[in-house]
Amino acid sequence: MWSEAIIKMMIEGVGETLYMTLFSTILGYLFGLPMGVILTVTDKGGLKPNKVIYKILDVIANVVRSVPFLILLIVLIPFTRMIVGKSYGSTATVVSLTVAAIPFIARMVESSLKEVDPGVVEAARSMGAGTFTIVWKVLLVEGRTSLVTGATIATATILGYSAMAGSVGGGGLGDIAIQYGYYRYQTDIMLVTVVLLVLLVQLFQTAGTMIASRLDKRK
């Protein structure tokens, strides 16, 4: 049962899963981090309150997060084809994962930045610091521990989404679990993919916890 071809397939599945997860997380933060910062800055009580901008981003984030990932993946098929030329495989899945990750990451960032002590922000303001300086040198620095913790949660969530994408030919370990565990009733292969997914989540969790611990100035 466990031939060289199967073992090679599992290794490739791990590689595809890591590719989808890490690439989607990076792209998600490329857009989600600025979105989270803008939500924080324009919210009531923020550095530059703007009800219109906040409401627009708030609605976008809520709508996208409200759509189950599998449905979102299907809805985005035309967009995915336009971007990468096909709607299946690991690269195509990255598009849907990124779209799903952006509002989730934005909310995580917003939550982390709002945890920063308002007194520190006011102190920076009283010394004449501008909005960009406060965001860059105060909010992001003071909230770095929470931001790393949020990144760990986001990565694990995106990993779970990548596994779901296997049900529609998304590639990776999720695809292997569906194709062999569900359609071919090869329970042993499905169990191994589950174990590998759990190990990957634990790996990300451990790495994130260690980094957050090192950045925590309270320790």
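Rings of Phe, Tyr and Trp (for Trp, the six-membered ring) form a pair if their centres lie within 6.5 Å; planes under 30 degrees apart count as stacked, over 60 as edge-to-face, and the rest as tilted. By this rule, the predicted model you're looking at has a count of 3 aromatic pairs. Take Phe132 and Trp136: their ring centres are 6.4 Å apart and their planes sit at 5°, so this pair is stacked. Both residues belong to helix α7, 4 residues apart, which is about one turn of the helix. Are Phe132 and Trp136 buried or exposed? Both are exposed, where exposed means over 50% relative accessible area, buried under 20%, and partly exposed in between (1.4 Å probe, protein chains only).

Some ground rules: this is a predicted model, where local features need pLDDT of at least 70 and side-chain atom pairs count only at pLDDT 80 or more, while totals for chains, interfaces and linings use all residues. Residues are numbered from 1 along each chain as its sequence is written, and side-chain values use heavy atoms, with hydrogens and water left out.

**The whole chain**

Now step back. The chain has 10 helices and 0 strands; here helices (H or I, at least four residues) and strands (E, at least two) are DSSP runs, numbered from the N terminus. Here are some overall values.

| Property of the chain | Value |
|---|---|
| Span of the C-alpha trace along its principal axes | about 70 × 40 × 25 Å |
| Buried share of the 219 residues | 43% |
| Accessible surface (Shrake-Rupley method, 1.4 Å probe) | about 12,000 Å² |
| Carbon and sulfur share of that surface | 68% |

Contact means heavy atoms within 4.5 Å. Of the contacts with a separation of 6 or more, 74% are between residues 24 or more positions apart.

**Inside the fold**

A nonpolar core is a set of buried Ala, Val, Leu, Ile, Met, Phe, Trp, Tyr and Cys residues joined through side-chain atoms within 4.5 Å. The largest one here has 30 residues, and Leu47, Leu113, Val121, Ile134, Val135 and Leu139 touch the most other members.

Zoom in on Leu139: leaving aside residues up to four places away in sequence, Leu139 touches Leu47, Leu113, Val116, Val121 and Ile134. Apart from this core lies another, of 12 residues, including Met10, Leu159, Leu173 and Phe204.
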